[in-house]
Each structure stands twice: as structure tokens, then as C-alpha cells.
Amino acid sequence: MRYSQMFLPTLKEMPSDAEVVSHQLMLRAGMIRKLTSGVYSYLPLGYRVIRKVEQIIREEMNRAGAQEIFMPTVQPAELWKESGRWGLYGKELLRFRDRRDSECCLGPTHEEVVTDIVRYEVKSYRQMPLNLYQIQTKFRDEIRPRFGLMRCREFTMKDAYSFDVDAERADESYRKMFEAYNRIFTRCGLKFRPVEADTGSIGGSYSHEFLVIAESGEDAMAYCEACGYAANMEKAEVARPEAPATQGPLLPLQEVYTPEVRTIEEVCAFLDVVPERVVKTLIFSADEVPVAVLVRGDEEVNEIKVRNLLGCDVLEMAMDDMIQEVAGSPRGFVGPIGIKCRVLADYSLIGLNDMVVGANKENYHLKNVNLERDFQVAEFADLRVIRESDPCPRCRREMRFARGIEVGHVFKLGTKYSKAMKAVYLDSQGQEQHMVMGCYGIGVGRTVAACIEQSHDDHGIIWPLALAPYHVIITPVNVKDKALAAAAEELYAELAAEGVEVLLDDRDERAGVKFKDADLIGIPMRVTIGPKNLAVGKVELKMRNTGETKLLTGNEAKAAIVAAVRSL
């Protein structure tokens, strides 16, 4: 491709509304343009990168035995009501009525649609295992789209769905997809880590996120280098503590007047205690049933863990009227003694004595509160957010923390959708059984953005060779010099004939402008053809990622470039 003929509207100034590096550089490099909030058009340079990611995905999905299909974006509400998600998904689901007044939505995901296809076409165990995938546009009406392609409303996603006869074979399908994802992101040149994750609105029993390591990532992860355990912060487990030592004599319960003292900080200051001796009693509404959750004052409740323990569909902080009903006091003075609901406690409270809690009485707290003597707990569990001081829940070695960008997610769905939508088959005994499902997603645009977040410098993008829109850019420093132009044209034609994707910068611009643009758009290799080097039969080959330069003959440069491309 000739630069002079390419639609490549680069920007010199930093876009004012772009907050993260990938958004800034994708706009500056002429890869994308914003249409409206959270919706972007891909321009030629950006779309070439998108297609590179899609091709890697297709090759690895096909290698793993999946088959490509393409499903509609518009989905009927009936399917979502059948699965039970129409009322649960939330406002991210863009709903509308068509001219026949039928309720519809723009698909944020396709579990219902693919299950509907398979339940009518697959009747026997002999037709499974089956894995169907697509690369298609999704729409999620994010309340606050931001960060360019990192969190937008309309996006390209690869979603795959596996169907198996039982849980054991479903585990095998999950393993194949897990391995395929590792190959995909490795081929994309990314530094990433698969971590255990919560299943969220998709549902199911087990999942892994694939996080690209980047300081700008929205997701935090905890991992252990010793044993390999890794999970995102929603899922990261906290080990049950060792059995506590034998306690001494318990102090008598004491009620203390604490006027307008509500927060942990205020309680600690007023009573001169450390947060570790204070217990927070939080009232939640779990499917509209109140439940109390206790954690130490220096800890944070993990609502995902609470929801999973309770097995509820909707978990939210209780409103004031529910708190008043179960505790008899306003928010800020609630405690576990005499409370009229189920009480759950985090492991960190095991063995803790002489605690400070709310008195269930406005403007009062209780000191020297003790488990068993003063109140009962229905169940102890891991209910808090992991901290850097916590040991690994598997091997009890040191945990490490990092930030990452989610680019892929694999789920074990089980029979969540097949039971709801009656997707059944006949087994070898002629008995009807529910199909066991899995689903597997990759954000194509997010993968591109994550790559930029991970690989850039002050000058622009640094593409890995596998994703680069072009493998090499040829830059004659003066296109009016016939010798330079002829040498550039010759190398351009020879590389193209070898299957190398090459961009020839044939613009009548100063060399410095061309070099800056080449660095901005991130082409991995740059061949510079200048008069001094050409006079001795040499050209300069520069690697974008390392800055290394070599003076080579035209044939040597050609051989090095072709070898690099063929190594992909």
C-alpha cells in the first residue's frame, strides 16, 4: 500500500476526551473515529488490526474443533423470558419494540439464540460434542462508556458455545477452549494471565478471565508465583485462618453512649480502639430476604462471595425500612445481638473476642462482645476482599497483586440454559437428558486496545508483528530523488511478492515527519533509504520495539524481513 493513497487521518494533538493511552493513540494514529457515546467506526488502519486478531481467533477455534456460524443481532424477548434473564439483565440490555409491537433486544450475548438453534437440531448423544462460534457485533448499553474500545457500547466479540452429554465431557470442551485461548493471546504477542473469576450475569458454575497485564487495567488480580493460583479480586479466595489460641477470661458486656458516631473511623476514635477490634454488621437484601453479614472493621465485604454463598439472584444493601425492621435501629448502629435475621460472619472473626459492635440502639455501641456468649452465627465463610497481606489460599505462600485488562472469559454453564429452555437429547439408553453447556468470549476490540496499553512509548504504538497493520514501512527520505525512489519501489515490489505486508511512504514530506508518523502508527520494521547509505549499497533497517538499527544491503534487508514474517 502507498501511504499517499491510504485513508490515514493522523492527529498531531492529543484528543482532549481520551483518558487512556490506547484511546489516545488509536485516535491519533487514525485507527478509529467516534460516532456517538461508546460507538466507534474503524478506519482502514484500525480495521486491518481487527482482522488480524479475528484471523488468529478463527485459526485457533477451528483447530480446537469449533465451527463458525453467524447469528442475528436482534433477538426476540420470548427467548430471554424463557431463560429467565429478561427481568434480570438490567438496563445494559437495549430493549425495543418492532413495528408488530413485539418486544426485542439488541444482543449483548447469544446463549439464548444458540440454545434455541441446538435444541431443535440436536436430538441424539451421537451429535455431540458440539461447539459453535461466531465473530459478531454486540451491544451493551453501558451507563458510562469510556476508555475508547476498552468500555464501549457497540463492540465486536467472538463468542462460542459448547454442548456436551455430561459434565465430564463438558470439562474436556472447557479444557480445549482454555488451551485455545492461551494460544490465541500468545500468538497476539500479549503478556497475560488466566485467573479464576465470578460468572456474573452469564451464570454457570465456574469461569476464568484472561487478563492482559497493564497498569491501566480496570481489573485487579491476585496471584501466587509459587503454586500458580490466580483470581480476580471478585473471586480471589481468603484462606480460613488457623485455629485460634485459647482465650482468657471474657470481659463483661458494656453499653457505651456514642452520639452520632457511625463510621468505623469515628467509632475507633471515640472508643480508642483499633479497627481490627470493631465488627461491621451490614444488612443485605438477598432476593428481598434480609441477611446480616459480619466482617472486621479493617476489612471490606465481597458482595460477590456473599451472593454466591446465598445462591440468590439479586443481592443489594438493605433499605432503611428493612434495617429498622430487623435491627430496631437506624443505619450505623446495627449489631448482631438480638438481630432478627440470619447472621453470616467472615472467617476473620473466628477467635476474635472483646469486640465492639453496634447496640441496635441509636447513638449506642457495645464493648466486650463475644461470640457464643452474646450472639450466634449461622455460618462462617470467606466473605471479604483479599488483601496483599493475606497468604495464598492454596499453598499459603506470598500473594502478589497486579492490574489487568479483561480480553477473554470462559464459562462452565452446566445446565442453566438447557434446563430453562428444554434443550435435551436422547442418551444411549433412549433416556432424555439435558445438554451440558459452556460459553467462551473474546473482546476483539478490547484485545487490540489492551495490546496498545501494554506496548507503547512516548512516540506511539509498538505493534507485535502478528497484529501490526503492516509488517514493514519503507521510507525514502526524499521521494524527489530518483535513485532513492527507484530503490524504494524495487524493495517494495520484492517484499510484496514474498507476501510481506508493506507500506511505502511515498509522500513528499520531510524525513522527520515520516519517521514520527511511522513511530506513531507502530509499524514493527522500518527501512530507511537515504543518499549516503544508498551510495555504498546499504539501507537502514530499524526495529520499532527495541530501536535497534542495522545497515544492510537491499537483499540482506529483504531476507531479514521475510524471515521475520515467515516466523509467525
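## Strand S27 and its neighbours

S27 covers residues 472–476 and S28 covers residues 502–504; 3 bridges join the two strands, which run parallel. Strands and helices here are DSSP runs, numbered from the N terminus, with at least two residues for strands (E) and at least four for helices (H or I). Two strands pair if DSSP finds at least two bridges between them. The model is predicted: local features need pLDDT of at least 70, side-chain atom pairs count only at pLDDT 80 or more, and totals for chains, interfaces and linings use all residues. Residues are numbered from 1 along each chain as its sequence is written, and side-chain values use heavy atoms, with hydrogens and water left out.

S27 also pairs in the parallel sense with strand S29 (residues 525–529), over 5 bridges. In this pairing Ile-474 stands opposite Val-527. Helix H11 (residues 482–497) belongs with S27 and S28 to a right-handed β-α-β unit; right-handed means that, with the strands pointing away from the viewer, the path from the first strand over the helix to the second runs clockwise.

S27 is mostly covered, with 5 of its 5 residues buried. Buried means under 20% relative accessible area, exposed over 50%, and partly exposed in between (1.4 Å probe, protein chains only). In a regular strand the side chains alternate between the two faces of the sheet. Both faces of S27 are covered: Val-472, Ile-474 and Pro-476 are buried on one side, and Ile-473 and Thr-475 on the other.

Helix H10 (residues 444–454) is likewise mostly covered, with 10 of its 11 residues buried. Among the buried residues of H10 are Arg-446 and Glu-453, together with Val-444, Val-448, Cys-451 and Ile-452.

## The five-stranded open sheet

An open sheet of 5 strands has the order S16-S14-S15-S17-S20, with mixed pairing. Its edge strands, S16 (315–317) and S20 (379–381), each pair on one side only. From one strand to the next, the twist averages 35°. Axes are lines fitted to C-alpha atoms, for helices over the stretch in contact, and angles run from 0 to 180 degrees between N-to-C directions.

Strand S17 (residues 342–346) runs parallel to S20, and 3 bridges join them. Leu-344 stands opposite Glu-379 in S20. Helix H7 (residues 303–310) lies across S14 (279–286), S15 (289–296), S16, S17 and S20, running at about 130° to S16. Helix H8 (residues 320–327) packs on the sheet and touches S14 and S15; the direction of H8 makes about 115° with that of S14. Contact means heavy atoms within 4.5 Å.

## Pairing along strand S21

Strand S21 (residues 400–414) pairs in the antiparallel sense with strand S10 (residues 206–213) over 8 bridges. The bridge partner of Glu-209 in S21 is His-409. Strand S11 (residues 219–223) pairs with S21 over 5 bridges, also in the antiparallel sense, and Tyr-223 has Arg-400 as its bridge partner in S21.

A further 6 bridges join S21 to strand S24 (residues 436–443), and these two strands run antiparallel. Here Phe-411 stands opposite Cys-439 in S24.

## Aromatic and charge–ring contacts

The structure holds 9 aromatic pairs. Rings of Phe, Tyr and Trp (its six-membered ring) pair if their centres lie within 6.5 Å; planes under 30 degrees apart count as stacked, over 60 as edge-to-face and the rest as tilted. Tyr-257 and Tyr-364 form a tilted pair, 5.3 Å centre to centre with 55° between the planes. This pair links distant parts of the chain: Tyr-257 lies in strand S13 (residues 254–257) and Tyr-364 in strand S19 (residues 364–369), 107 residues apart. Tyr-257 counts as partly exposed because its relative accessibility is 47%. Tyr-364 is partly exposed, with a relative accessible area of 22%.

One aromatic cluster is formed by Phe-178, Tyr-181, Phe-185, Phe-192 and Phe-210. Two charged residues sit over rings, where NZ of Lys or CZ of Arg must be within 6 Å of the ring centre and within 35 degrees of the ring normal. Arg-95 lies over the face of Trp-86, at 4.7 Å from the ring centre. The charged end of Lys-416 sits over the ring of Tyr-417, 5.4 Å from its centre.

## The surroundings of Ser-173

Ser-173 lies in helix H5 (residues 167–187). With a relative accessible area of 11%, Ser-173 is buried. Leaving aside residues up to four places away in sequence, Ser-173 touches Pro-129, Ser-162, Asp-164 and Tyr-440.
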